[in-house]
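Reader: Could you walk me through some of the helix packing here? I'd like to go pair by pair.

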Amino acid sequence: MIKVPEKIQNLDDSIKELSVHKSFEYAQKAVNSVIRLLGIEDEILWRTFTDTNGKIKSNAGWLMMAEGFADRRGAYKLNIDEKFSLDLKTYWIQKKTDKSKISMLVAITPNFEDEPFYSTKNVGIDFIIPEECDKIVIVLSKNYIIRTVELKDYLSETQKEILSKWLKITDFTNKPQLHEILWQSFDLESVNKQFYKGICEFFTELKQHLVSEKVFDSRHAAYFTNRLIGRMVFCRFLDKKGIISRERKYFETEGKPSTEYYREKLEVLFFKVFNTPIEDREVGADDKTPFLNGGLFEIKENDKYKDDKLTFPTDYFSRLYEFLKHYNFTTDESTSAFQQVAIDPEMLGKIFENLLAEQVEETGEQARKAKGAFYTPREIVDYMCKESLREYLKTQVTEARDRDDKISLLLDTKPHIWRDQQRNYQKDLEPFKTQIFDALDKAKILDPACGSGAFPMGMMQLLLMCYERLEPRFEAYKTKLNIIKNNLYGVDIEPMAVEISRLRAWLSIIVDKEGDIRKIEPLPNLDFKFVCANSLIPLDKSGQMNLMDDTDLEDKITALRDKYYDEKTVKGKNSLRKEFESLISAKEFGMEKSKKQEQLESYHPFDSEN
């Protein structure tokens, strides 16, 4: 067993104490424990600070009132010996710690690493404490690009590894080198690589077991394993959000064999809880975990539900859970400008695309080459999204002398600058506001080879940002639902890709849902939003119709699709599915149908392998 350094253990103890006491005093102790990793042993003095006008910032009303002061906001400068070349600040903020608040706080007092002309300043480390004092967030920046680590409940193994690197810093005089060491310690890519490597091993083990036990052929074993791991990682995100009942101990194997545990706990959670409205559950069943709907936990043919033929390797789930405990999870997707050092929903995309690349087709050809499965870096996705939307808006907004500049103002302004100049910028955009709203509302965005959904999810984040900048009163949860319903579409030839795309869309919605978990509304149905198909084969547009063609079939499919998206009940969904199948399977013999009619009738979105 690897011995944990004493200072890391002290920090872990501080975080555990904070999870129990949840007070500003214990949050201070936790921050002090982080600072002592740098060799700062002297007393750390906490002092409230203000700008030259006696205020933190006029728009920083979301800071808590500082303890012991009637007129000071909760911003503290932590005084340490000047030899350390560090500028340490802590902010106690109201409600949750979101990206925009953290970006703004970093910009309040820029440090050495943020601008070339700040070279005389010290290297900055900021700490964020939320109102409920249940965690601390460590914040680093570089040219206003932000990296964060959230410490809550306990230190994960990866967090211990990350922060142990701070113990090795000895030279505080070389500021560029000091900042680079701190910055690289928060490198998300190294965490992702470790996580993927471990998940890949669990994927391969289960797939090979299912094939050797003749449960599935190789292809369907990969489908089952991909879906199971996707569901379990999804549950990890839900558990982080507090959505799954802790009383039921779904993720405690209690020493049971893997197959028995799966039958008694996971099958129940997947198919009798998430997939069943609370009022329809069996007597004595879980009445706290919400009904999720959406399709992720619907029983599919190759789920082998209640099939004794389905077995799992020895201790498979206990080993998987032990592995997952090594990592911190966040439901908030990182961007190229804001990265939380934790496993986020984007990682599901990376897992899929890399796992697909590992597979070998029956022809012997590697799947990456056969199906074009390549992971696109986040920076490239962000660029494609922004430039696509920029060019689209130019076609929708009346040409004017400053139109392009105003579109760039909306899309390119950094978060901290926008928040500081929000009223001025909104006034600048006022002449174009109505046209931009109309353009955003009617935009149709299709990724014809969506993979794991990186581009659609990137576009959703960008559209959400535009709505919120134009009108701050937009509610993120409802806005995302509308964007997914009205704007986004994805197609891929690979069934596993489609499932991961849907999963990421569901996660993006859940992250913004607040309040009583039992009142969470069922997720939308995405069967018609991300579909498995070959987008290289176009719908016939020749216009040639035959007598037996249903000339209204396309309109009927469209109307049913829109109705299905919002359907909340299992009974209602099944009814609409039957209606859809009868709609496209109506056969008339003796008359030839047009190619377009045949194409529409071949569309089976509920068959994940079609």
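Reader: At what angle do helix 7 and helix 9 cross?

Author: In this predicted model, the axes of helix 7 (residues 218–241) and helix 9 (residues 316–324) cross at roughly 45 degrees and come within 12 Å. That angle makes helix 7 oblique to helix 9, and the crossing is right-handed.

Reader: And which residues make the contact?

Author: Helix 7 contributes Leu228, Ile229, Met232 and Arg236, while helix 9 contributes Tyr316, Phe317, Leu320, Tyr321 and Leu324.

Reader: Left-handed or right-handed crossing?

Author: Helix 16 passes helix 17 in a left-handed crossing, with Lys433, Ile436, Phe437, Leu440 and Asp441 of helix 16 in contact with Leu463, Cys466, Tyr467 and Leu470 of helix 17.

Reader: Now helix 12, which residues are buried there?

Author: Those are Arg378, Val381, Cys385, Leu389, Arg390 and Leu393. Seen down the axis of helix 12, these buried residues fall within an arc of 160 degrees, so they line one face of the helix.

Reader: What's exposed on the other side?

Author: On that side of helix 12, Tyr383 and Thr395 are exposed.

Reader: And what should its length be, at 1.5 Å a residue?

Author: The 19 residues of helix 12 (residues 378–396) should span 27 Å, which agrees with its end C-alpha atoms being 27 Å apart.

How values were computed:
Residues numbered from 1 in each chain as written. Predicted model: local features only at pLDDT ≥ 70, side-chain atom pairs only at ≥ 80, totals over all residues. Heavy atoms only, no water. Helix = DSSP H or I, 4+ residues; strand = E, 2+ residues; numbered from the N terminus. Expected span 1.5 Å × (residues − 1). Buried < 20%, exposed > 50% of the residue type's maximum accessible area, 1.4 Å probe, protein only. Arc of directions from axis to C-beta. Left-handed = near helix turned anticlockwise from the far one by under 90°. Contact = heavy atoms within 4.5 Å. Axes fitted to C-alpha atoms, helices over the stretch in contact; angles between N-to-C directions. Parallel < 35°, antiparallel > 145°, perpendicular 65-115°, else oblique.
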